[in-house]
Amino acid sequence: MTGTKAALAEDLAPDSLARDLRFVRRIHRMRTLGLGLGVLPIASVLYQQQAPPFVWAALFLNGYVWPHVAYLLARRSRQPARTEFRNLIVDSALGGMWIAVMQFNLLPSALLAVMLSVDKIGVAGWRFLARTAAAQVLACAAVSAALGFPVQLQSTMFNIFASLPFLFAYPTALSTAAYQLGRKVLRQNQQLEHLNRIDDITGLYNRRHWEEAAARELARYMRTRRPAVVMMIDLDGFKQVNDRHGHVVGDAVLRSVAEALKGAVREIDTPARYGGDEFCVLLAETSAHGARELAERLRALVERMEFPQAPGLHCTISIGIAEANRLLVSVEDWVDLADTAMYRAKNSGRNRAEVIRGLV
Ligand SMILES: Nc1nc2c(ncn2[C@@H]2O[C@H](COP(=O)(O)OP(=O)(O)OP(=O)(O)O)[C@@H](O)[C@H]2O)c(=O)[nH]1
């Protein structure tokens, strides 16, 4: 597997540890920033309340120790993502607790409640928010009840200033993370789309991609009457190669022929694996005459090939060539024509190229 393919497979796997750990790291960064800055508005209220030292200690632990504890818990867990979701619920509960301790001081409390909601939606949507909000409300109600339901809504200028860094920095960081995630998904979709068009064994384009390219070329031919050729190439007696030498050697033969094909055609041509032991090439701006020269070169190349895994093995190919003509209605017609030429080559003794002429 190529690096890209391996990374993509890992990301798309239903249970990928590496992906979970990336998720845990992302949450750790957001939590460290959010709590680091979230401490400021809470501290401004505690300062005004002249809170006792143990409350300050609790704030310090929550703001600067809990992010690292949560990270370690998730990292060491067998199911890091699941543990991280649990940590996020704890975050919300602790947030609810601080709202009660601040006696619902309006701006810091609203800020805390909003930030703890938007990041949950960003991580896992509205359903998850419902769970975390429940934890937040319960913790808030319990602590407020324990304190005798004190309410002091008014926010001072000091509270407002202390809230500003959190107010600006956290949403910015959240939207940056969401943007990066969106870009990544887009990139992965593009990679997937590309991989869906590549043949695994040979690395050539597959039939799906090739047929689309051939349809475009046929449409171009109909508009411009510029020559174009479809070439079908089939290995001779490939079943025997597999039977005698095994499928690993068979695959190596397919790869070698694909390499020869890639090396022989021009940038504007489209070689592909049509399926099984059959290859196809779309040759733009090429007449049947030019295609025959290429076919001959290719035929000679394959005939001379040697395979270290199977000394003494020699392979040949039969090639059918069909130029585009105005009676072609579809790519299938064009392929049929080239296939007919290829079967003629097989029936005439193999290891040769045949051009089909005229409008069939
Ligand atoms: N190793 C390998 N073999 C494949 C693959 N795909 C198809 N084949 C084999 O290719 C062989 C094609 O055989 P046939 O279509 O009968 O043709 P042939 O033996 O080449 O005979 P002619 O075409 O008449 O010369 C079959 O044995 C398939 O199993 C593949 O990806 N790898």
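Me: In which sense do strand E1 and E3 pair?
Reply: In this predicted model, strand E1 covers residues 228-235, and strand E3 covers residues 278-284.

Me: How many bridges join strand E2 to E3?
Reply: Strand E2, made of residues 270-275, runs antiparallel to E3. Ala-272 stands opposite Cys-280 in E3, and the number of bridges that join E2 to E3 is 5.

Me: Which residue in the hairpin of E2 and E3 takes a positive phi?
Reply: The hairpin of E2 and E3 has 2 residues between the strands. A positive phi near 50° is found there at Gly-276.

Me: How many residues of strand E3 are buried?
Reply: A residue counts as buried here if 20 or more other C-beta atoms lie within 10 Å of its own. By that criterion strand E3, with its 7 residues, is mostly covered, and the number buried is 5.

Me: Is the chain as a whole compact or spread out, and what is its radius of gyration?
Reply: The secondary structure of the chain comes to 11 helices and 5 strands. For 360 residues the globule rule gives 21 Å, and the chain is well over that value, so it is more spread out than a compact globule. Its C-alpha atoms fill a box of roughly 100 × 50 × 25 Å along the principal axes, and the radius of gyration is 34 Å.

Key. Residues are numbered from 1 along each chain as its sequence is written. This is a predicted model: local features need pLDDT of at least 70, side-chain atom pairs count only at pLDDT 80 or more; totals for chains, interfaces and linings use all residues. Helices (H or I, at least four residues) and strands (E, at least two) are DSSP runs, numbered from the N terminus. The radius of gyration is taken over C-alpha atoms; the globule rule is 2.2 Å times the number of residues to the power 0.38. A residue is buried if 20 or more other C-beta atoms lie within 10 Å of its own, exposed if 12 or fewer, and partly exposed in between; C-beta atoms are placed from the backbone. Two strands pair if DSSP finds at least two bridges between them.
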